[in-house]
Amino acid sequence: MLEAADDGVSALLIAPTGGGKTLAGFLPSLVELSARPHAGLHTLYISPLKALAVDIARNLMAPVEEMGLPITIETRTGDTPANRRARQREQPPNILLTTPESLTLLLSLADADAMFASLRCVVLDEVHALAGTKRGDQLFLCLSRLARLAPAARHVGLSATVAHPQALRAHVARDGRAESVRLIEVAGGAPPDISIQLPEGRLPWGGHMGLASAPEIYRRIAASGVTIVFVNTRAQAELVFSALWKLNEGSLPIALHHGSLTVEQRRRVEAAMAAGKLRGVVATASLDLGIDWGDVDQVVQVGAPKGVSRLLQRVGRANHRMDEASRAMLVPANRFEVIECMASIEAVAAGKQDGEPPRPGGLDVLAQHILAMACHGPFHPDQLYEEVRRAAPYAALTRRDFDDTLRFVRDGGYALRSYERFAKLFVDADGMVHVRGPAVIRQLRMNLGTIVETPLVKVRLRGGPYLGEVEEWFISTLRVGDNFLFAGQLLRFEAMEATAAIVSRGAEGQPRVPAYAGSRMPLTTYLASEVRAILHDRGRWHALPDEVREWLALQEERSVLPAPDELLVEVFPRGEKWFLVAYCFEGRLAHQTLGMLITKRMEKLGYGPLGYVGTDYVLAAWSAFEPTDIHPLFEEDILGEELEEWINESSMLRRTFRNIATIAGLIERHHPGQEKSGKAMTVNSDLIYDVLRRHEPDHVLLRATRAEAATGLTDIGRIATLLARVRKSIRHIRLDRVSPLAVPALIEEGRTWVPGGAEDALLAEAASLVHDATDGAETFNELLAEVSEAHTPRARRDTPETRRHNRFIRSAPKAARR
């Protein structure tokens, strides 16, 4: 890194967790500042997390103070006091640590030229976590502006090991060209020590919470120093923490950390971890990134990791040193997850990486950036277009998309131009673009950022503090007296006040658990292919537990195992329904979308579809009549008419438009003196959405909405790849009963989608499924106990899908209901 700095070139440093990336990124700046004191801002450090910026500042200040170096270091985030922010503009520190949002705000100021003119280095930490995200789009647009304001500044990217280093080089570059950035890769240190922990007794067939292994997790915490227990969702975090707390007879200090808790609670947990006062913490992705938490002895991953790179990131939290093996334990929640965990461990041992390459930049983020640059000062569209295209996510941006986005920011576009509140820019006689006035600037700064939260409601103890936030829809399903699990506590809902849900402690009975939209992690393409390969290759079964090997052998006996190069589709009757189970292995998101499309086509073919469910591995649909001709259900043209019909009917596109319109500035989250509720924002966005669809269907925000729905929300790309791959290799097997491999999907159907009130029928049905699949080899009572133990009521939305599931359960055979 010192050589790259001496040569005056930008650099991307890729190294495993614990390799000292952050200090290596700062070292050239410290050397230069100690040798030649610098007036003004020298190095700008940008982090995806506020806490990471604060943590780095703390760890950086200690050696600087010990060596007596004449270097000033400060942070600038949304939590920085106003007086310090004002002073930083007049007297910038030598090193400023900030976030993408705060950098955008700084660049929108009229005096940004003066503040950044002295800049010599920009350090981008955890750049792999930002590339391909909207926050990343925002950051890389800011970098293209910094390259103009500070032409002498080098760019330095710091990244964990990734599958697409060339794409990251282009993102770090000053000009968007990968070859202008020197790549510095560090070989891994000690290989990680990763094991699989199964629950005592029976291995669950279905479910994804992993609660059956709570006793084993607790024993590992008790036997070690500090343990981070990673989970995949916030709902799972609450359940796992609750299960551990019930087992905590030794009163071990165990904490909970996820994004819906208050900032104060999270900071207390972080401080206690850094001080070594905790033995364990249950966390979501909120602790994934590189904060130095002190001496973490081991990591426990509850549920399959869903990606090799994600697993390595989490495993690296343990021992955080290159020369010592990081210890980690994977806790699969069901039989399919055992296979995924084995595939993950084999991939880590082979040095594999996964993950998709970064996607192109979003037009909604571009709209916000255009307005921010106008707030800084007038610009000419030609110059800004060339500047924007130097940002890697926008390298392929067409002039039409740029001009349409600029037109939208200027007056809302053709359909909205008569509304004064959408007019934000004007063009003078010389073609220069100006902001309309101070009110527009104020509104931009109040609504800056690309993180659009689902409408949230604060949760407050009666007569006590706030505990955090849950989604508005979940609170709307509660009645006074209902219990739910949140912030690691069993709470009773008492009332809904103007700004918060009021709760009390001391509730009793079975609680519900808030679920959060979009919180499920998708299975990566690489891991999906590895799971298919393991299923098909008996030579790799030796490492699997006996129960899983017996399960796969039973599948071979009753049906067939899915081959890597084909799509296995089973059809069988159960009760008065016909079930279709397709072993796609493309992830939950793709399967849910494909389920919607397939049931639409089943309807056209007269099969009478009643519902569907997608897990990470399998798609299951059920119908009134037997699907006899399977091939038309998986033809590539299903992504034409059926997809267009579904997208137009679905509320998903409206939700996507609301988020895009919010980022683009069409809908305001904050207004002086008032805060808009989620409901009010939704009503506004729905009205505008209908107007645009009717009068300007090619509006730039509608184009952005359709593009986002096709990639992020529906995984159309993976579905298209699947359908092309299996075009002539679909294997249709007709069975007389459920197959062993199909059981987890049908259990998942009951446990996750069916609204409360039918749990007993569901559990009996799940046990009956396994009983049938094993020819009664496992007793019905044992199976019922197994699925009952793992079942926890969840919050569920009242949607057409859940109503269909209700009808399905009500029509279940009498024996199952009993």
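Colleague: Of the contacts in the protein with a separation of 6 or more, what share comes from residues 24 or more positions apart?
Modeller: Those residues account for 73% of such contacts, where a contact means heavy atoms within 4.5 Å. Keep in mind that this is a predicted model, in which local features need pLDDT of at least 70 and side-chain atom pairs count only at pLDDT 80 or more, while totals for chains, interfaces and linings use all residues. Residues are numbered from 1 along each chain as its sequence is written, and side-chain values use heavy atoms, with hydrogens and water left out.

Colleague: OK, and how many helices and strands are there?
Modeller: The protein has 32 helices and 27 strands, taken as DSSP runs numbered from the N terminus (helices are H or I with at least four residues, strands are E with at least two).

Colleague: What percentage of the residues is buried?
Modeller: Of the 818 residues in the protein, 58% are buried, with buried meaning under 20% relative accessible area, exposed over 50% and partly exposed in between, for a 1.4 Å probe and protein chains only. The protein exposes about 32300 Å², and carbon and sulfur atoms supply 52% of that area, which was computed by the Shrake-Rupley method with a 1.4 Å probe.

Colleague: Why is α8 described as largely enclosed?
Modeller: Helix α8 is largely enclosed by the rest of the structure because 15 of its 16 residues are buried. This helix covers residues 134–149 and reaches 23 Å from its first C-alpha to its last, close to the 22 Å expected at 1.5 Å a residue (the expected span is 1.5 Å times one less than the number of residues).

Colleague: Switching to sheets, what is the strand order in the open sheet of five strands?
Modeller: The order is β23-β24-β22-β21-β27, and the pairing is mixed; two strands pair if DSSP finds at least two bridges between them. Strands β23 (609–614) and β27 (730–734) stand at the edges with a single partner each, so one side of each has no neighbour in the sheet. Neighbouring strands of this sheet are turned by 15° against each other on average, with direction ignored.

Colleague: And which way do the pairs run, parallel or antiparallel?
Modeller: Strand β21 (residues 567–574) pairs with β27 in the parallel sense over five bridges, and Glu570 has Ile733 in β27 as its bridge partner. Strand β22 (residues 577–582) runs antiparallel to β24, joined by five bridges, with Leu580 opposite Ala621 in β24. Strands β23 and β24 are also antiparallel and joined by five bridges, Val613 stands opposite Ala620 in β24, and a hairpin of four residues links β23 to β24.

Colleague: New topic: what order does the open sheet of six strands have?
Modeller: The order there is β8-β13-β12-β9-β11-β10, with parallel pairing. Strands β8 (193–196) and β10 (254–257) are the edge strands, each pairing on one side only, and the twist averages 20° from one strand to the next. Four bridges join β8 to the parallel strand β13 (residues 327–331), and Asp193 stands opposite Arg327 in β13. Helix α14 packs on this sheet, touching β8 and β13, and its direction makes about 165° with that of β8.

Colleague: At what angle does α14 pack against α20?
Modeller: Helix α14 (residues 335–349) and helix α20 (residues 525–536) pack at about 110°, with their axes 9 Å apart. That makes α14 roughly perpendicular to α20, a label for angles of 65 to 115 degrees, whereas under 35 counts as roughly parallel, over 145 as roughly antiparallel and the rest as oblique. The residues that meet include Phe336, Ile339 and Met342 in α14, and Tyr526, Leu527 and Val531 in α20.

Key
Axes are lines fitted to C-alpha atoms, for helices over the stretch in contact, and angles run from 0 to 180 degrees between N-to-C directions.
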